[in-house]
Amino acid sequence: MSIRSRLALVCGGATLLLLLGGGFVFLQQLRTGLDHNLDTTLRARADAVIAGLTGTEGSDFPDTGPGSLLHSSDVLGQVVTVGGTIEQSSDTVGTQPLLTPAELATAARRPLTLDRRVTLQPTTVRDPADSGKHSVRLLAAPSGRPDEVVVVGTSREVVDAAVTRAGQQLLGLGGAVLLLAAVGGYLLARAALRPVERMRREADELGAHDAGEGLAVPATRDEVARLAETMNALLGRLHRALGRERDFVADAGHELRTPLAILKGELELAQRPGRSQGDLRATVDVAARETDRLIRLSDDLLLLARSTEGLALRRTEGDLREVAGDAVEASRARAAQVGVTLALDAPAPVVVAADCDRVRQALDNLLGNALQHAPPGSTVTVALRRDTRGTTVTVLDEGPGFTRDFLPVAFERFRRSDAARTRRSDAVDGEGSGLGLAIVRSIAAAHGGTTAAANRPGAGAAVSFTLPDTTQPLTS
């Protein structure tokens, strides 16, 4: 069922409840008011009968002799003793008792009003067809004489007919109002949802390349306009994410193409006749190096792909100085091959709650990047410092540094500072993929930290990442 139909049903249902409640209250008030008018008339008539019985003067009714009113053709009443003896009775009711013994006992003490169906007798004035059971309203009150009750009554049929007609009119009017409410609710819902339907059609027509254009925002400045703005913001984020993924795939394909092309070339050379055992061994060595490069590149790509969804961490409490010391020791062999000295600047233990394996991975990437560009005879230093921001790990080298244009994008994927940080011919890791610093940023961001890259005064570069200052183990 559509929203328009549901809103029409809701409006119709709410209107029906209001009509039922309002109609019930109105009819009850109408019946109460008409009954009050009947009671006023009956009290005046009872007072006239009592005045005639007791000889009291000043009655508003003429001919107030004893029982005279009871014998009028349009009067319904009786004078009854508490014991049930009918002393006087109007011709319309005859000798039938109008009250029960319990009601007579009550009426002897105080006035009593009640509704009852009574058999009325035909009279010379009354239409004989009117005989039979009739709904009447009775008023019983003490007559002023001991153990005697005066009962007067009048027909309720006029009141009941008026209430019935009012109910029928309300029913017809309520049906029309209910129909108008349902139709009005449907039309109102359709008008309110028209901009939403237009937005749905626009969104359905958008393609992957058109997501950045967004939806037309109505000038109403209402909830629909805010919905369109929110949808446009979401589409913009998705468009940018799609663009990043496309760039990532394109860059990854470009990076994978080079080692694969080298592998293919070496294998084709190995298939040529006349190749010596030494040539084949050299080909195998090149293929092994390129395979290792492919493995590292695949691992880096997988890590970065996972980092976009939130890198999983296994946080434990550990000494960051020990982690840095292990990374330095593991890189000493590579540093010795290019004549670079490694140093650790960590005067005191630095206890942090972090994923030490990931922190070690970030350190290895920074050391590998520094060794790739540090000149022979220089020193690469790993420094640990703790301040109000947290613990900062910095790797400093004495190479050519970064270009000014490269610094803002140093931690983006597949970025290289080829112009200023030309790879040395004896670099131990071969050509970089431009993923090392991006991985460092992902690891730092997963810990809630930050990264920074800058040129040192004089010469060299300083690349760092900061972990939040917490010494309690955290659950990932």
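This is a predicted model: local features need pLDDT of at least 70, side-chain atom pairs count only at pLDDT 80 or more; totals for chains, interfaces and linings use all residues.
Which residues are exposed on the other side of α2? Helix α2 spans residues 101-109, and its buried residues are Glu103, Leu104, Thr106 and Ala107. Viewed down the axis of α2, these buried residues fall within an arc of 165 degrees, so they line one face of the helix. The other side of α2 carries the answer to the opening question: Pro101, Ala102 and Arg109 are exposed there. An α-helix has 3.6 residues a turn, so residues three or four places apart point the same way.

A nonpolar patch comes next. Leu16, Leu17 and Leu20 form this patch on the surface, and together they have about 310 Å² of accessible area. Leucine 20 has its place in helix α1, which covers residues 3-54. The relative accessibility of leucine 20 is 54%, so this residue counts as exposed, because the cut-off for exposed is over 50%.

Finally, attention turns to the aromatic rings. A pair of aromatic rings is described by the distance of the centres and the angle of the planes. The count comes to one aromatic pair. In this pair, the ring centres of phenylalanine 402 and phenylalanine 406 are 5.4 Å apart and the ring planes are at 25 degrees, so the pair is stacked; planes under 30 degrees apart count as stacked. Are these two residues buried or exposed? Phenylalanine 402 counts as buried because its relative accessibility is 6%, and phenylalanine 406 counts as buried at 7%, where buried means under 20%.

Notes:
Residues are numbered from 1 along each chain as its sequence is written. Side-chain values use heavy atoms; hydrogens and water are left out. Patches are made of residues with over 30% relative accessible area and no salt bridge: like charges are joined within 9 Å, nonpolar side chains (Val, Leu, Ile, Met, Phe, Trp, Tyr) within 5 Å. Accessible areas come from the Shrake-Rupley method with a 1.4 Å probe; for residues, only the protein chains shown count as cover. A salt bridge is a side-chain nitrogen of Lys or Arg within 4 Å of a carboxyl oxygen of Asp or Glu. Helices (H or I, at least four residues) and strands (E, at least two) are DSSP runs, numbered from the N terminus. Buried means under 20% relative accessible area, exposed over 50%, partly exposed in between (1.4 Å probe, protein chains only). Rings of Phe, Tyr and Trp (its six-membered ring) pair if their centres lie within 6.5 Å; planes under 30 degrees apart count as stacked, over 60 as edge-to-face and the rest as tilted. The arc is that of the directions from the helix axis to the C-beta atoms.
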